[in-house]
Amino acid sequence: MTAPPPLELRGVSRTYGEGAAAVRALVDVDLTVTAGELVAVMGPSGSGKSTLLSIAGSLEEPSTGEVFIEGTALSGLGRNERARLRRRHIGYVFQDFNLLAGLTAVENIAMPLELDGVKSRAARRAAGLALADLGLADRADSFPDELSGGQRQRVALARALVGDRRLLLADEPTGALDSRTGEEVMRLIRAACRSGAAAVLVTHDAQLAAWADRVVFVRDGAIVDTTAPLPGPESLLTPRGTDLDEPEGP
Amino acid sequence: MSVRHALLALLSEGPKYGLQLRQEFEARTGEVWPLNVGQVYSTMQRLERDGLVEADPDEPAQPGPQRTYRITEAGDAELSAWLRTPPQGDAPPRDELLIKVLVALRLPGVDLPAMLQAHRTHTIGQMRQYTRLKEDAADDLALLLIADAQLYRLESVVRWLDAAQSRLRDHSPEPSSPAPGRQEQPHRHGAAR
């Protein structure tokens, strides 16, 4: 039996307001993200991409349609069960890191595990390992304001991946970083996917979206297009002896 | 892409023979621009004709692939001037995509947002290929620089497509042949069709 996908949205719509003032933020969205896959959602401001991420992360409910996390329909869960599912299965990464200033790096990462009932010592051990995976073992006891932007985002990423969470939801995760540091963060997200996590990345930035296995384009609340699977690297090569040099007279 | 100047640059490091020039050219451009050996010879003949390279006097004269060349003083000067010369880019380029959109603007029945989206999807597809190249080439500086250059160029296309779409939403198109005395209703390209 194959495992259910980490995330599936079926016919999801979201409308704010009623009657003539109703705004349709999402319209009949179907999206499945499989284990190991990085999917980017691109669209202009107000296209509905952040609403899509909130609904996928169970932070908001759809007006109609269904969201499945690891095969479990969210609509069938009570408030507490849904909160538990969020803590155990979903990691979030935001542009502004959302780290707690009064906690060290390792404490920030251990916190969601402790909230989930993991004993403090075990949670810290897991947090330390997650931090080491992202190359920050030596900054475990630093507070967020002692870290660079790139280091803070790596801590946020470790917090999103700690435990056995297989679904990573990221909203403009490199927006506050310079291009090289942003690239490092994207390499880490790709590495998390290679080790089996599924990730959804919401962005308006084409360079960021280009790290994805698949890019879906959202406009006016609906998915309007999706990129084809990647061809092999040989497609980038220029055929031998063509268009390389400017023509030259005798 | 100037193969002649790239070959001059390789010769500025010391005398080299034809096959060696081809191999080093490909290695240093991340093998993204393969070069056939005939191109190397014809370019070397033109460089020799122009006095920018000469047969290496320390090596016995050999024909074809084993012939060894060295750069001349004039070649050094040419290379140095080329490195400092800005690439040709002052005139507005004949951008095929721009021309297509300008043409489509006046054609009846064209779904412009869908057309822009098709180009956006294609361009981001190309960006994904170069990003994958970059991902697999962590230590290959030449390849990283090539991938970055292509990615920034393609990103500018996507940004232009976004800007074009936003402009289309705010502007009604000019009617291609307005009927005299007939009141044209403003039409928004962004509306669903």
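Predicted model: local features only at pLDDT ≥ 70, side-chain atom pairs only at ≥ 80, totals over all residues.
**Briefing: a helix pair, an aromatic pair and chain B**

In chain A, helix H3 (residues 105-115) and helix H4 (residues 120-133) have axes that come within 8 Å and cross at roughly 125 degrees. Residues are numbered from 1 along each chain, chains are lettered from A, and side-chain values use heavy atoms, without hydrogens and water.

**Helix contact**
- Residues of H3(A) in contact (heavy atoms within 4.5 Å) with H4(A) include Ala105(A), Ile109(A) and Leu113(A).
- Among their partners in H4(A) are Ser120(A), Arg124(A) and Leu131(A).
- The residues of this contact divide into 10 nonpolar, 2 polar and 3 charged; Ala, Val, Leu, Ile, Met, Phe, Trp, Tyr, Cys and Pro count as nonpolar, Asp, Glu, Lys and Arg as charged, and the others, Gly among them, as polar.

**Aromatic pair**
- Over all chains, the count is 1 aromatic pair (ring centres within 6.5 Å).
- Tyr92(A) and Phe94(A) form this pair, which is stacked (planes under 30 degrees apart), at 6.2 Å centre to centre and 5 degrees between the planes.
- Phe94(A), at 27%, is partly exposed, the class between buried and exposed (over 50%).

**Chain B**
- Chain B has 7 helices (DSSP runs of H or I, at least four residues) and 3 strands (runs of E, at least two).
- Of its 193 residues, 37% count as buried.

Conventions. Phe/Tyr/Trp six-rings, centres within 6.5 Å; stacked < 30°, edge-to-face > 60°. Buried < 20%, exposed > 50% of the residue type's maximum accessible area, 1.4 Å probe, protein only. Axes fitted to C-alpha atoms, helices over the stretch in contact; angles between N-to-C directions.
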